[in-house]
Amino acid sequence: MIMSLRLILAATALLLFASIQYSKAQLITAAANPKVDYVVPSRYDLEIPQIDLISGYLGNRYQLNLEKRLLQVDEEGLLAGFENRPGKQRWIGEHIGKYLEAAANTWLVTKDPRLKQQMDRMFHRLLETQDTDGYLGTYLAENRWTSWDVWVHKYDLFGLLAYYGAVGDTKALKAAVQIGDLLCSTFGDTRGKKNILKSGSHVGMAATSVIDPMLDLYRWTGDKKYLEFCRYIIRAYDFEGGPAIVNSILKHKRVDKVANAKAYEMLSNIVGLVKMYRLTGDSQLLQVINYTFDDISANRLFATGTSSDHERFQDNHYLLADTSAHMGEGCVTTTWLQFNTQLFSITGDLKYYNEIEKTIYNHLLGAENPQTGCVSYYTPLIGEKPYRCNITCCLSSVPRGIALIPYLNFGLLNNIPTLLLYEPAQIKENIKTSSQKTIPLELTLTSEFPRKGTATVQVHIPGSAQFPLQLRVPEWAKNYTATVNGKSYKSGPDQLLKIERQWKDKDKIAVSFDIETEIINGGKTYPNSFTLKRGPQIFALDQSLNPQLQLDKTKFVYPLQDNIKLTDAQDKLPKGWVGTLAYATEIKTADNGQQSLVFVPYADASQTGGFSTLWVPAVSR
């Protein structure tokens, strides 16, 4: 089963690579470009390269997100609330927009014809339900703009604009403009208009989070009324009974002190504030953004790169991790990823990329079962991951996060072509040489990462050319060396290694680094527990791979760093298991015994059902 799956994925990747021999110029004429540039310049370009096909560990999971999730969506369920109003859930309308966004971003990379046919079909069915005044929700006329109606239009905008950006169909932009115009004519602080705070849950934050795609609409169209509408939303934060997002964060520097601390809705607003900063350069918003990142990353972030307990930000270091905590809401995981992606794009600062990498390799992938494509709404660190395939907000959100991975593999960082990940990949993009000549650059990256800390990057260019090429040195990488034609370049961790030289076609960069095993403590919430971390991956114990243990009862002796020696345990994985990473180690038990434990990446654990735990209970000796 594992081998057949690998062959299918490999064959699919080869077919896709063979079919995507298009130029970026061709792609742009087929689609469209925004009309408004950001005032704050981008350090990292979030454009997808002409070709960016990732294989290996991340590539397999990306392809499975396409095969097992996106291509398996319940089309009728996603469209039913629009075609037969009202929907069976108050928020049922959000899912089609989330699907269209994930599908469009994935199709830009894969050019999969099945996905194109599916998203075209769903897009046209959705458009047929739009009223003449622009309304594209699931509520009856007498119930418009109550509960989650603005929220639904928020995700309509995301989906329509992503589809327009990918395909260039002007009907998508027209539908988005009609929604934007309707929102602007409905809500505001002038006479006769509704207060947007009254039209959404969680102290108004659900409705006000429409600020995010409304700023995208402003960029696509250049129509300043959408920008002014977003300024109104920021003013509305401070209306009576409002969430006071900006002023609360400026005052307390803590997100748990904002409104009712609802994490998903609040972060969605703050991602909008990031875009507002990028469009206006407002330094006060930058303060809010920085305080938000500092607070969450230091006080409210789980080791796997997510946040929230019962969907809210809790007190400092209150990080309960079992199923009863309802922790790690999938929508929060994806929005935290989006937040850090925006910050990395603005600054190029690797501290944001470190959070991106942590989230992707751990909680994001851990929320989607690679065998079934089902998603867990809350994804605990201790207990069974409750994967489900019914329609929920997180079932729609997690695929959106996975669809972002190719945007974060390779790009221009400070105008220098930069490799950020070490997964096997095939990349093609036009770059400028040191003499400002534009040439095509192809990179073929071969590796067994994350199993091994080695990679080879082969450079393909016409003839030879002088230009810099940059390699990200991860924060966990030790003894990093890159060698080109016998010349070695060394770097410490958490840096960018720039190699500028006269490159020739078929030059190779041999990269090597040590991936050490780290012991991670459970922190203030689980002080007598530990887990293992190797590279970007946090490990967990899966009960099905450790049947001799009672993982919820056995205690171990807290291991010393130099006692941890991992051996490959791939042969312990059962038939049908998706993934090949498994490691065994011997650890003493509290009763003076010794046990052999099999660890797997947290993202792979619990895929067959049953108990797993990231935090291993221990005593100090």
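Six helices, namely helix H2 (24-30), helix H5 (94-110), helix H7 (149-167), helix H10 (211-221), helix H13 (263-280) and helix H15 (330-347), each supply at least two residues of the lining of the largest pocket. The model described here is a predicted one. The volume of this largest pocket is about 1,500 Å³. Its lining comprises 47 residues, of which Pro34, Leu46, Glu47, Arg219 and Tyr407 are the closest to the centre of the pocket.

The axes of helix H3 (residues 56-69) and helix H17 (residues 393-402) come within 10 Å and cross at roughly 145°. This crossing of H3 and H17 is left-handed. On the side of H3, the residues in contact are Arg61, Tyr62, Asn65 and Arg69, and they meet Leu395, Pro399 and Ile402 in H17. Taken together, the residues of the contact of H3 with H17 divide into 4 nonpolar, 1 polar and 2 charged.

The discussion now turns to the strands. An open sheet is formed by 4 strands in the order E4-E5-E9-E12, with mixed pairing. From one strand to the next, the twist averages 35°. Within this sheet, strand E5 (residues 416-419) and strand E9 (residues 464-473) run parallel and are joined by 2 bridges. Leucine 419 has leucine 471 in E9 as its bridge partner. Helix H16 (residues 350-366) packs on the sheet, where it touches E9 and E12, and the direction of H16 makes about 65° with that of E9.

Strand E10 takes part in two antiparallel pairings. Strand E10 (residues 477-484) is joined to strand E13 (residues 508-515) by 6 bridges, and the two strands run antiparallel. E10 also pairs with strand E11 (residues 487-491) in the antiparallel sense, over 5 bridges. Valine 484 takes part in both pairings: it stands opposite isoleucine 509 in E13, and its bridge partner in E11 is lysine 487. The hairpin of E10 and E11 has 2 residues between the strands, and in this hairpin asparagine 485 takes a positive phi near 50°.

Arginine 85 and proline 86 are joined by a cis peptide bond, with omega about 0°. Proline 86 is placed in the loop between helix H4 (75-83) and H5, and H5 is one of the helices that supply residues of the pocket lining. A cis peptide bond also joins phenylalanine 449 and proline 450, where omega is about 10°. The place of proline 450 is in the loop between strand E7 (438-447) and strand E8 (454-460).

Technical notes. Residues numbered from 1 in each chain as written. Predicted model: local features only at pLDDT ≥ 70, side-chain atom pairs only at ≥ 80, totals over all residues. Heavy atoms only, no water. Pairing = 2+ DSSP bridges. Axes fitted to C-alpha atoms, helices over the stretch in contact; angles between N-to-C directions. Contact = heavy atoms within 4.5 Å. 1 Å grid on protein atoms, 1.4 Å probe; cavity = no way out; pocket = protein on both sides within 12 Å on 5 of 7 lines; lining within 4 Å. Points joined across faces, edges and corners; volume = space filled by probe spheres on them. Left-handed = near helix turned anticlockwise from the far one by under 90°. Nonpolar A, V, L, I, M, F, W, Y, C, P; charged D, E, K, R; others polar.
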